[in-house]
Protein chains: 2
Amino acid sequence: MNGRLDNTENRHLKERKVLDRIKSIPLPAIRRYPSYLRRLKKYESEGVLWISATTLAEDLSLSSILVRKDLACTGLEGRPKYGFPIEPLICAIEKSLGWDNATDAILVGAGNLGTALMGYGGFTQYGLKIIAVFDSDPLKIGEMIHGVKILDIEKTADFIARTKIPMAVLTVPAAYAQLIAMKLSDAGIKGIWNFAPIKLKLSNDVIIQRVDLASSFAELSSRLKK
Amino acid sequence: MNGRLDNTENRHLKERKVLDRIKSIPLPAIRRYPSYLRRLKKYESEGVLWISATTLAEDLSLSSILVRKDLACTGLEGRPKYGFPIEPLICAIEKSLGWDNATDAILVGAGNLGTALMGYGGFTQYGLKIIAVFDSDPLKIGEMIHGVKILDIEKTADFIARTKIPMAVLTVPAAYAQLIAMKLSDAGIKGIWNFAPIKLKLSNDVIIQRVDLASSFAELSSRLKK
DNA sequence: ATTCTATCGATATTTAATTATCGAATACAA
DNA sequence: TTGTATTCGATAATTAAATATCGATAGAAT
(Lines give C-alpha, C1' and ligand atoms only; values in the text may rest on other atoms or scores of the structure.)
Protein backbone atom coordinates (compact mmCIF):
# COMPACT_ATOMS: atom_id res chain seq x y z
CA MET A 1 0.00 0.00 0.00
CA ASN A 2 1.34 3.41 -0.88
CA GLY A 3 0.94 6.51 1.22
CA ARG A 4 -1.58 8.27 -1.02
CA LEU A 5 -4.13 5.49 -1.06
CA ASP A 6 -3.72 5.00 2.63
CA ASN A 7 -4.43 8.67 3.35
CA THR A 8 -7.55 8.73 1.24
CA GLU A 9 -8.92 5.68 2.97
CA ASN A 10 -8.05 7.06 6.36
CA ARG A 11 -9.80 10.31 5.66
CA HIS A 12 -13.00 8.61 4.62
CA LEU A 13 -12.86 6.37 7.63
CA LYS A 14 -12.32 9.35 9.89
CA GLU A 15 -15.17 11.34 8.41
CA ARG A 16 -17.55 8.49 8.88
CA LYS A 17 -16.44 8.10 12.46
CA VAL A 18 -16.96 11.76 13.20
CA LEU A 19 -20.50 11.49 11.84
CA ASP A 20 -21.18 8.42 13.94
CA ARG A 21 -19.95 10.20 17.02
CA ILE A 22 -22.12 13.24 16.55
CA LYS A 23 -25.15 11.04 16.34
CA SER A 24 -24.39 9.15 19.49
CA ILE A 25 -22.46 10.90 22.19
CA PRO A 26 -23.33 8.91 25.29
CA LEU A 27 -25.63 10.73 27.68
CA PRO A 28 -23.24 10.50 30.61
CA ALA A 29 -20.64 12.26 28.49
CA ILE A 30 -23.12 14.99 27.58
CA ARG A 31 -23.80 15.49 31.27
CA ARG A 32 -20.10 15.79 32.02
CA TYR A 33 -19.45 18.34 29.27
CA PRO A 34 -20.57 21.38 31.29
CA SER A 35 -18.07 20.65 34.03
CA TYR A 36 -15.33 20.32 31.42
CA LEU A 37 -16.38 23.64 29.97
CA ARG A 38 -16.30 25.41 33.30
CA ARG A 39 -12.82 24.15 34.01
CA LEU A 40 -11.52 24.84 30.50
CA LYS A 41 -12.80 28.41 30.58
CA LYS A 42 -11.04 28.92 33.88
CA TYR A 43 -7.79 27.73 32.31
CA GLU A 44 -8.38 29.88 29.26
CA SER A 45 -8.83 32.95 31.44
CA GLU A 46 -5.49 32.16 33.05
CA GLY A 47 -3.81 32.15 29.67
CA VAL A 48 -3.25 28.41 29.44
CA LEU A 49 -3.20 27.22 25.81
CA TRP A 50 -3.02 23.43 26.05
CA ILE A 51 -4.57 20.90 28.39
CA SER A 52 -4.14 17.15 28.65
CA ALA A 53 -6.97 14.77 29.40
CA THR A 54 -4.89 13.61 32.34
CA THR A 55 -4.75 17.04 33.96
CA LEU A 56 -8.41 17.76 33.34
CA ALA A 57 -9.32 14.40 34.83
CA GLU A 58 -7.32 15.07 37.97
CA ASP A 59 -8.96 18.45 38.43
CA LEU A 60 -12.40 16.92 38.22
CA SER A 61 -11.64 13.69 40.05
CA LEU A 62 -12.44 11.56 37.03
CA SER A 63 -10.56 8.80 35.26
CA SER A 64 -8.27 10.14 32.55
CA ILE A 65 -9.40 7.47 30.12
CA LEU A 66 -12.97 8.56 30.58
CA VAL A 67 -12.12 12.18 29.92
CA ARG A 68 -10.08 11.32 26.85
CA LYS A 69 -12.98 9.32 25.47
CA ASP A 70 -15.46 12.08 26.19
CA LEU A 71 -13.25 14.61 24.43
CA ALA A 72 -12.81 12.27 21.48
CA CYS A 73 -16.60 12.37 21.03
CA THR A 74 -16.38 16.04 20.11
CA GLY A 75 -14.38 15.09 17.03
CA LEU A 76 -11.41 17.24 18.00
CA GLU A 77 -8.06 15.48 17.84
CA GLY A 78 -5.44 15.83 20.52
CA ARG A 79 -1.74 16.00 20.09
CA PRO A 80 0.57 13.51 21.78
CA LYS A 81 2.60 14.95 24.64
CA TYR A 82 0.62 18.23 24.51
CA GLY A 83 -2.99 17.30 24.87
CA PHE A 84 -5.75 19.48 23.41
CA PRO A 85 -5.68 23.14 22.42
CA ILE A 86 -8.01 24.82 24.92
CA GLU A 87 -9.83 27.30 22.77
CA PRO A 88 -10.75 24.88 19.96
CA LEU A 89 -11.68 22.33 22.58
CA ILE A 90 -14.13 24.73 24.21
CA CYS A 91 -15.66 25.43 20.81
CA ALA A 92 -15.89 21.73 20.01
CA ILE A 93 -17.67 20.90 23.25
CA GLU A 94 -20.03 23.85 22.91
CA LYS A 95 -20.84 22.76 19.40
CA SER A 96 -21.52 19.21 20.53
CA LEU A 97 -23.99 20.57 23.06
CA GLY A 98 -25.54 23.04 20.63
CA TRP A 99 -24.36 25.87 22.86
CA ASP A 100 -22.49 27.64 20.09
CA ASN A 101 -25.54 29.59 18.93
CA ALA A 102 -27.64 31.06 21.69
CA THR A 103 -31.09 29.52 22.10
CA ASP A 104 -33.85 31.99 22.85
CA ALA A 105 -36.15 30.99 25.66
CA ILE A 106 -38.88 32.30 27.91
CA LEU A 107 -39.19 31.80 31.63
CA VAL A 108 -42.64 31.14 33.05
CA GLY A 109 -43.10 31.82 36.75
CA ALA A 110 -41.31 34.77 38.31
CA GLY A 111 -41.39 33.50 41.88
CA ASN A 112 -38.33 32.98 44.04
CA LEU A 113 -37.06 30.11 41.94
CA GLY A 114 -37.56 31.93 38.65
CA THR A 115 -35.88 35.02 40.06
CA ALA A 116 -33.01 32.94 41.40
CA LEU A 117 -32.48 31.37 38.01
CA MET A 118 -32.56 34.71 36.24
CA GLY A 119 -29.84 35.91 38.59
CA TYR A 120 -27.87 32.72 38.31
CA GLY A 121 -25.76 34.24 35.61
CA GLY A 122 -24.79 30.94 34.09
CA PHE A 123 -27.58 30.99 31.51
CA THR A 124 -25.70 32.97 28.92
CA GLN A 125 -22.77 30.62 29.36
CA TYR A 126 -25.08 27.79 28.37
CA GLY A 127 -26.10 29.58 25.23
CA LEU A 128 -29.51 30.27 26.73
CA LYS A 129 -31.03 33.70 26.35
CA ILE A 130 -34.18 34.49 28.30
CA ILE A 131 -36.00 37.08 26.23
CA ALA A 132 -39.20 37.30 28.24
CA VAL A 133 -40.55 36.36 31.63
CA PHE A 134 -44.21 35.61 32.34
CA ASP A 135 -46.17 35.62 35.57
CA SER A 136 -49.80 35.78 36.67
CA ASP A 137 -49.30 38.15 39.59
CA PRO A 138 -50.60 41.65 38.63
CA LEU A 139 -48.11 43.19 41.04
CA LYS A 140 -45.21 41.64 39.14
CA ILE A 141 -46.41 42.26 35.59
CA GLY A 142 -44.57 45.21 34.13
CA GLU A 143 -41.69 44.98 36.58
CA MET A 144 -38.16 44.14 35.46
CA ILE A 145 -36.26 41.09 36.58
CA HIS A 146 -32.55 41.09 35.85
CA GLY A 147 -33.07 43.23 32.80
CA VAL A 148 -36.07 41.40 31.37
CA LYS A 149 -39.64 42.61 31.58
CA ILE A 150 -42.31 40.52 33.26
CA LEU A 151 -45.34 40.00 31.02
CA ASP A 152 -48.84 38.74 31.67
CA ILE A 153 -48.92 34.96 31.64
CA GLU A 154 -52.11 35.11 29.58
CA LYS A 155 -50.06 36.43 26.70
CA THR A 156 -47.63 33.51 26.68
CA ALA A 157 -49.28 31.53 23.90
CA ASP A 158 -49.47 34.57 21.61
CA PHE A 159 -45.85 35.36 22.30
CA ILE A 160 -44.68 31.83 21.49
CA ALA A 161 -46.74 31.69 18.32
CA ARG A 162 -45.46 35.06 17.15
CA THR A 163 -41.76 34.67 18.01
CA LYS A 164 -41.43 30.90 17.42
CA ILE A 165 -39.47 30.66 20.65
CA PRO A 166 -38.34 27.04 20.96
CA MET A 167 -37.77 26.69 24.67
CA ALA A 168 -39.43 27.48 27.99
CA VAL A 169 -38.12 27.35 31.54
CA LEU A 170 -41.02 26.36 33.76
CA THR A 171 -40.79 27.61 37.34
CA VAL A 172 -44.42 27.79 38.38
CA PRO A 173 -45.92 26.03 41.44
CA ALA A 174 -46.51 22.32 40.92
CA ALA A 175 -50.27 22.75 40.98
CA TYR A 176 -50.26 24.87 37.81
CA ALA A 177 -47.41 23.19 35.98
CA GLN A 178 -49.38 20.63 33.96
CA LEU A 179 -51.98 23.13 32.76
CA ILE A 180 -49.43 25.74 31.77
CA ALA A 181 -47.23 23.13 30.11
CA MET A 182 -50.16 22.09 27.95
CA LYS A 183 -50.69 25.67 26.88
CA LEU A 184 -47.02 26.00 26.02
CA SER A 185 -47.20 22.80 24.03
CA ASP A 186 -50.29 23.92 22.15
CA ALA A 187 -48.61 27.19 21.31
CA GLY A 188 -45.78 25.29 19.68
CA ILE A 189 -42.97 25.13 22.21
CA LYS A 190 -40.31 22.53 21.42
CA GLY A 191 -38.61 22.00 24.76
CA ILE A 192 -39.50 22.56 28.39
CA TRP A 193 -37.03 22.72 31.24
CA ASN A 194 -39.30 21.76 34.08
CA PHE A 195 -38.49 22.77 37.65
CA ALA A 196 -41.85 21.75 39.09
CA PRO A 197 -41.76 18.49 41.05
CA ILE A 198 -44.21 16.64 38.84
CA LYS A 199 -44.00 14.53 35.72
CA LEU A 200 -45.55 16.48 32.85
CA LYS A 201 -47.64 14.55 30.37
CA LEU A 202 -47.49 16.09 26.90
CA SER A 203 -47.38 14.90 23.34
CA ASN A 204 -44.10 13.21 22.48
CA ASP A 205 -42.88 15.93 20.17
CA VAL A 206 -42.25 18.25 23.10
CA ILE A 207 -38.97 17.47 24.83
CA ILE A 208 -39.27 17.69 28.58
CA GLN A 209 -36.30 17.86 30.88
CA ARG A 210 -37.06 17.78 34.55
CA VAL A 211 -34.81 19.06 37.31
CA ASP A 212 -35.50 16.61 40.07
CA LEU A 213 -34.19 17.86 43.39
CA ALA A 214 -35.64 14.88 45.19
CA SER A 215 -33.47 12.49 43.17
CA SER A 216 -30.42 14.48 44.03
CA PHE A 217 -31.34 14.52 47.69
CA ALA A 218 -32.10 10.80 47.63
CA GLU A 219 -28.57 10.19 46.43
CA LEU A 220 -27.16 12.33 49.21
CA SER A 221 -29.28 10.58 51.84
CA SER A 222 -28.22 7.15 50.73
CA ARG A 223 -24.56 8.13 50.66
CA LEU A 224 -24.83 9.62 54.14
CA LYS A 225 -26.44 6.44 55.44
CA LYS A 226 -23.31 4.42 54.70
CA MET B 1 -36.29 -32.85 51.53
CA ASN B 2 -39.13 -32.23 53.93
CA GLY B 3 -41.02 -28.98 54.24
CA ARG B 4 -39.55 -27.91 57.57
CA LEU B 5 -35.95 -28.10 56.50
CA ASP B 6 -36.77 -26.38 53.26
CA ASN B 7 -38.39 -23.44 55.04
CA THR B 8 -35.47 -22.96 57.39
CA GLU B 9 -33.04 -22.91 54.52
CA ASN B 10 -35.21 -20.54 52.57
CA ARG B 11 -35.47 -18.14 55.46
CA HIS B 12 -31.73 -18.00 55.93
CA LEU B 13 -31.25 -17.50 52.24
CA LYS B 14 -33.81 -14.74 52.20
CA GLU B 15 -32.31 -12.94 55.19
CA ARG B 16 -28.91 -12.92 53.59
CA LYS B 17 -30.35 -11.57 50.38
CA VAL B 18 -32.14 -8.77 52.20
CA LEU B 19 -28.87 -7.79 53.85
CA ASP B 20 -27.04 -7.83 50.54
CA ARG B 21 -29.68 -5.64 48.99
CA ILE B 22 -29.56 -3.02 51.71
CA LYS B 23 -25.84 -2.71 51.19
CA SER B 24 -26.08 -2.26 47.48
CA ILE B 25 -29.19 -0.73 46.01
CA PRO B 26 -28.03 0.51 42.61
CA LEU B 27 -27.74 4.27 42.38
CA PRO B 28 -30.17 4.57 39.46
CA ALA B 29 -32.77 2.82 41.60
CA ILE B 30 -32.11 5.21 44.48
CA ARG B 31 -32.67 8.10 42.10
CA ARG B 32 -35.96 6.65 40.93
CA TYR B 33 -37.29 6.06 44.44
CA PRO B 34 -38.54 9.62 44.97
CA SER B 35 -40.73 9.46 41.89
CA TYR B 36 -42.15 6.16 43.09
CA LEU B 37 -42.85 7.75 46.45
CA ARG B 38 -44.65 10.72 44.94
CA ARG B 39 -46.88 8.48 42.89
CA LEU B 40 -47.53 6.02 45.73
CA LYS B 41 -48.52 8.80 48.10
CA LYS B 42 -50.93 10.09 45.52
CA TYR B 43 -52.51 6.65 45.28
CA GLU B 44 -52.58 6.35 49.05
CA SER B 45 -54.41 9.65 49.34
CA GLU B 46 -56.99 8.32 46.90
CA GLY B 47 -57.60 5.32 49.13
CA VAL B 48 -55.88 2.76 46.92
CA LEU B 49 -54.46 -0.12 48.97
CA TRP B 50 -52.54 -2.23 46.46
CA ILE B 51 -50.40 -1.38 43.48
CA SER B 52 -48.72 -3.59 40.91
CA ALA B 53 -45.28 -2.90 39.50
CA THR B 54 -46.93 -2.93 36.08
CA THR B 55 -49.32 -0.09 36.89
CA LEU B 56 -46.67 1.99 38.60
CA ALA B 57 -44.39 1.50 35.61
CA GLU B 58 -47.05 2.65 33.16
CA ASP B 59 -47.74 5.76 35.22
CA LEU B 60 -44.09 6.70 35.20
CA SER B 61 -43.27 5.55 31.67
CA LEU B 62 -40.80 2.97 32.87
CA SER B 63 -40.38 -0.72 32.15
CA SER B 64 -42.35 -2.88 34.55
CA ILE B 65 -39.41 -5.21 35.03
CA LEU B 66 -37.28 -2.31 36.10
CA VAL B 67 -39.84 -1.14 38.62
CA ARG B 68 -40.31 -4.63 40.02
CA LYS B 69 -36.57 -4.97 40.46
CA ASP B 70 -36.30 -1.57 42.14
CA LEU B 71 -39.10 -2.46 44.53
CA ALA B 72 -37.49 -5.81 45.27
CA CYS B 73 -34.43 -3.89 46.49
CA THR B 74 -36.46 -2.51 49.38
CA GLY B 75 -36.85 -6.03 50.73
CA LEU B 76 -40.64 -5.90 50.64
CA GLU B 77 -42.32 -8.86 48.97
CA GLY B 78 -45.16 -8.52 46.54
CA ARG B 79 -48.15 -10.74 46.19
CA PRO B 80 -49.04 -12.45 42.92
CA LYS B 81 -52.09 -11.03 41.20
CA TYR B 82 -52.27 -8.11 43.68
CA GLY B 83 -48.91 -6.42 43.63
CA PHE B 84 -47.60 -4.54 46.64
CA PRO B 85 -49.48 -3.11 49.61
CA ILE B 86 -49.09 0.65 49.23
CA GLU B 87 -48.55 1.78 52.79
CA PRO B 88 -45.86 -0.77 53.65
CA LEU B 89 -44.26 -0.09 50.29
CA ILE B 90 -43.99 3.61 51.03
CA CYS B 91 -42.41 2.82 54.38
CA ALA B 92 -39.99 0.37 52.80
CA ILE B 93 -38.82 2.87 50.21
CA GLU B 94 -38.52 5.66 52.76
CA LYS B 95 -36.50 3.36 54.97
CA SER B 96 -34.20 2.44 52.09
CA LEU B 97 -33.56 6.12 51.51
CA GLY B 98 -33.15 6.93 55.18
CA TRP B 99 -36.17 9.21 54.96
CA ASP B 100 -38.04 7.47 57.74
CA ASN B 101 -36.46 9.60 60.46
CA ALA B 102 -36.22 13.29 59.69
CA THR B 103 -32.70 14.62 59.21
CA ASP B 104 -32.06 18.02 60.73
CA ALA B 105 -30.29 20.46 58.46
CA ILE B 106 -29.35 24.09 58.12
CA LEU B 107 -29.63 26.23 55.03
CA VAL B 108 -26.83 28.65 54.29
CA GLY B 109 -27.65 31.52 51.95
CA ALA B 110 -31.10 33.12 52.16
CA GLY B 111 -31.11 34.60 48.67
CA ASN B 112 -33.72 33.88 46.05
CA LEU B 113 -32.66 30.28 45.64
CA GLY B 114 -32.56 29.60 49.36
CA THR B 115 -35.95 31.25 49.78
CA ALA B 116 -37.36 29.25 46.88
CA LEU B 117 -36.14 26.02 48.41
CA MET B 118 -37.58 26.90 51.82
CA GLY B 119 -40.93 27.43 50.15
CA TYR B 120 -40.63 24.34 48.03
CA GLY B 121 -42.59 22.38 50.58
CA GLY B 122 -41.16 19.08 49.52
CA PHE B 123 -38.39 19.13 52.10
CA THR B 124 -40.44 17.63 54.91
CA GLN B 125 -41.56 14.90 52.53
CA TYR B 126 -37.91 14.02 52.05
CA GLY B 127 -37.39 13.72 55.77
CA LEU B 128 -35.41 16.95 55.76
CA LYS B 129 -36.04 19.49 58.47
CA ILE B 130 -34.40 22.88 58.12
CA ILE B 131 -33.96 24.11 61.67
CA ALA B 132 -31.98 27.27 60.95
CA VAL B 133 -31.12 29.55 58.05
CA PHE B 134 -27.94 31.62 57.87
CA ASP B 135 -27.08 34.68 55.82
CA SER B 136 -24.52 37.46 55.86
CA ASP B 137 -26.91 40.31 54.96
CA PRO B 138 -27.62 42.43 58.09
CA LEU B 139 -31.01 43.34 56.64
CA LYS B 140 -32.03 39.71 56.53
CA ILE B 141 -30.64 38.57 59.88
CA GLY B 142 -33.46 38.32 62.38
CA GLU B 143 -36.16 38.03 59.75
CA MET B 144 -38.24 34.90 59.33
CA ILE B 145 -38.30 32.78 56.21
CA HIS B 146 -41.08 30.23 55.97
CA GLY B 147 -41.20 29.93 59.71
CA VAL B 148 -37.48 29.71 60.34
CA LYS B 149 -35.35 32.52 61.70
CA ILE B 150 -32.42 33.86 59.71
CA LEU B 151 -29.24 33.93 61.78
CA ASP B 152 -25.88 35.60 61.28
CA ILE B 153 -23.68 33.49 59.04
CA GLU B 154 -20.76 34.14 61.38
CA LYS B 155 -22.50 31.99 63.96
CA THR B 156 -22.80 28.96 61.69
CA ALA B 157 -19.76 27.11 62.97
CA ASP B 158 -20.82 27.55 66.60
CA PHE B 159 -24.28 26.36 65.77
CA ILE B 160 -23.05 23.22 64.03
CA ALA B 161 -20.63 22.41 66.81
CA ARG B 162 -23.32 22.88 69.45
CA THR B 163 -26.21 21.09 67.77
CA LYS B 164 -24.23 18.41 65.89
CA ILE B 165 -26.36 19.11 62.82
CA PRO B 166 -25.29 16.61 60.16
CA MET B 167 -26.35 18.34 56.98
CA ALA B 168 -26.22 21.72 55.27
CA VAL B 169 -27.96 23.04 52.18
CA LEU B 170 -25.58 25.45 50.51
CA THR B 171 -27.25 28.19 48.47
CA VAL B 172 -24.68 30.97 48.55
CA PRO B 173 -23.17 32.65 45.49
CA ALA B 174 -20.48 30.59 43.75
CA ALA B 175 -17.75 33.00 44.79
CA TYR B 176 -18.26 32.28 48.50
CA ALA B 177 -19.19 28.62 48.28
CA GLN B 178 -15.73 27.08 48.72
CA LEU B 179 -14.82 29.23 51.69
CA ILE B 180 -18.10 28.66 53.47
CA ALA B 181 -18.02 24.95 52.72
CA MET B 182 -14.61 24.72 54.36
CA LYS B 183 -15.97 26.39 57.46
CA LEU B 184 -18.91 23.98 57.52
CA SER B 185 -16.51 21.08 57.16
CA ASP B 186 -14.27 22.33 59.95
CA ALA B 187 -17.29 22.72 62.18
CA GLY B 188 -18.09 19.05 61.69
CA ILE B 189 -20.80 18.91 59.05
CA LYS B 190 -21.27 15.45 57.52
CA GLY B 191 -23.06 16.21 54.27
CA ILE B 192 -23.47 19.22 52.00
CA TRP B 193 -26.18 19.62 49.38
CA ASN B 194 -24.44 22.09 47.12
CA PHE B 195 -26.43 24.36 44.80
CA ALA B 196 -23.48 26.54 43.82
CA PRO B 197 -22.15 25.83 40.33
CA ILE B 198 -18.67 24.83 41.43
CA LYS B 199 -16.97 21.66 42.52
CA LEU B 200 -16.20 21.89 46.22
CA LYS B 201 -12.90 20.49 47.41
CA LEU B 202 -13.13 19.19 50.97
CA SER B 203 -11.77 16.30 52.98
CA ASN B 204 -13.23 12.98 51.92
CA ASP B 205 -15.25 12.45 55.06
CA VAL B 206 -17.70 15.16 54.05
CA ILE B 207 -20.26 13.89 51.55
CA ILE B 208 -20.96 16.45 48.88
CA GLN B 209 -23.92 16.25 46.57
CA ARG B 210 -24.09 18.84 43.87
CA VAL B 211 -27.20 19.97 42.04
CA ASP B 212 -25.86 20.65 38.57
CA LEU B 213 -28.34 22.63 36.52
CA ALA B 214 -25.89 22.84 33.65
CA SER B 215 -25.83 19.05 33.28
CA SER B 216 -29.57 18.99 33.15
CA PHE B 217 -29.66 21.74 30.57
CA ALA B 218 -26.95 20.04 28.54
CA GLU B 219 -29.16 16.99 28.32
CA LEU B 220 -32.08 19.08 27.18
CA SER B 221 -29.98 20.86 24.58
CA SER B 222 -28.65 17.67 23.11
CA ARG B 223 -32.10 16.10 22.96
CA LEU B 224 -33.49 19.21 21.26
CA LYS B 225 -30.70 19.12 18.69
CA LYS B 226 -31.90 15.76 17.37
C1' DA C 1 -63.31 -28.09 40.97
C1' DT C 2 -60.85 -26.54 37.10
C1' DT C 3 -59.10 -23.28 34.02
C1' DC C 4 -57.54 -18.78 33.03
C1' DT C 5 -55.03 -14.59 33.87
C1' DA C 6 -52.24 -11.20 36.19
C1' DT C 7 -48.54 -10.82 38.89
C1' DC C 8 -44.35 -11.95 41.28
C1' DG C 9 -39.43 -13.38 41.74
C1' DA C 10 -35.38 -15.72 40.01
C1' DT C 11 -32.37 -16.39 36.43
C1' DA C 12 -30.51 -15.42 31.94
C1' DT C 13 -29.37 -12.20 28.19
C1' DT C 14 -28.41 -7.93 26.17
C1' DT C 15 -26.90 -3.36 26.13
C1' DA C 16 -24.41 0.61 27.75
C1' DA C 17 -20.70 2.60 30.22
C1' DT C 18 -16.41 2.51 32.29
C1' DT C 19 -11.82 0.97 32.80
C1' DA C 20 -7.59 -1.35 31.12
C1' DT C 21 -4.07 -2.33 27.67
C1' DC C 22 -0.98 -1.27 24.16
C1' DG C 23 1.23 0.66 20.02
C1' DA C 24 2.29 5.14 17.83
C1' DA C 25 3.48 9.93 17.94
C1' DT C 26 6.07 13.74 19.61
C1' DA C 27 8.38 17.07 22.54
C1' DC C 28 12.30 17.56 25.39
C1' DA C 29 16.67 16.40 27.57
C1' DA C 30 21.02 14.17 27.48
C1' DT D 1 21.17 12.26 17.34
C1' DT D 2 19.30 9.24 20.49
C1' DG D 3 16.68 7.99 24.41
C1' DT D 4 12.94 8.90 27.60
C1' DA D 5 8.67 10.36 29.28
C1' DT D 6 4.14 11.66 28.20
C1' DT D 7 0.16 11.70 25.76
C1' DC D 8 -3.01 10.24 22.32
C1' DG D 9 -6.28 6.95 20.05
C1' DA D 10 -7.83 2.31 19.04
C1' DT D 11 -9.22 -1.95 20.72
C1' DA D 12 -10.25 -5.21 24.36
C1' DA D 13 -12.00 -6.45 28.89
C1' DT D 14 -14.79 -5.54 32.71
C1' DT D 15 -18.56 -3.86 35.22
C1' DA D 16 -23.09 -2.17 35.89
C1' DA D 17 -27.71 -1.56 34.39
C1' DA D 18 -31.66 -2.62 31.85
C1' DT D 19 -34.42 -5.95 29.59
C1' DA D 20 -36.18 -10.58 28.51
C1' DT D 21 -37.69 -15.20 29.76
C1' DC D 22 -40.01 -18.44 32.42
C1' DG D 23 -41.89 -21.17 36.22
C1' DA D 24 -44.74 -20.46 40.43
C1' DT D 25 -48.59 -18.46 42.86
C1' DA D 26 -53.02 -16.92 43.87
C1' DG D 27 -57.25 -14.81 42.89
C1' DA D 28 -61.26 -14.68 39.56
C1' DA D 29 -64.11 -16.75 36.15
C1' DT D 30 -66.26 -20.74 34.25
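Predicted model: local features only at pLDDT ≥ 70, side-chain atom pairs only at ≥ 80, totals over all residues.
**Around DNA strand D**

There are 23 residues around DNA strand D. A:Ala53, A:Arg68, A:Gly78, B:Arg32 and B:Arg79 come nearest. By type, the residues of this surface are nine nonpolar, four polar and 10 charged.

| Side chain | Atom of DNA strand D | Distance |
|---|---|---|
| A:Arg68 | phosphate oxygen | 2.8 Å |
| A:Lys81 | sugar or linking oxygen | 3.2 Å |
| B:Arg79 | phosphate oxygen | 2.9 Å |

Helix 4 of chain B gives the most, with three residues.

**Between chain B and chain A**

The contact takes 53 residues from chain B and 52 residues from chain A. About 5000 Å² is buried between the chains, and carbon and sulfur atoms give 63% of that area. Four salt bridges cross the interface. One of them joins the side chains of A:Glu219 and B:Arg31, at 2.7 Å from N to O. The count of residue pairs in polar contact is 26.

On the side of chain B that touches chain A, the elements giving two or more residues include helix 2, helix 3 (53-60) and strand 8 (191-194). The largest share, 13 residues, comes from helix 10 of chain B. This side divides into 27 nonpolar, 11 polar and 15 charged residues.

Definitions and conventions. Residues numbered from 1 in each chain as written. Chains lettered and ligands numbered in written order. Heavy atoms only, no water. Near = heavy atom within 4 Å. Polar contact = N/O pair within 3.5 Å; in protein donor to acceptor, adjacent residues only side chain to side chain. Helix = DSSP H or I, 4+ residues; strand = E, 2+ residues; numbered from the N terminus. Nonpolar A, V, L, I, M, F, W, Y, C, P; charged D, E, K, R; others polar. Contact = heavy atoms within 4.5 Å. Buried area = accessible area lost by both parts, 1.4 Å probe.
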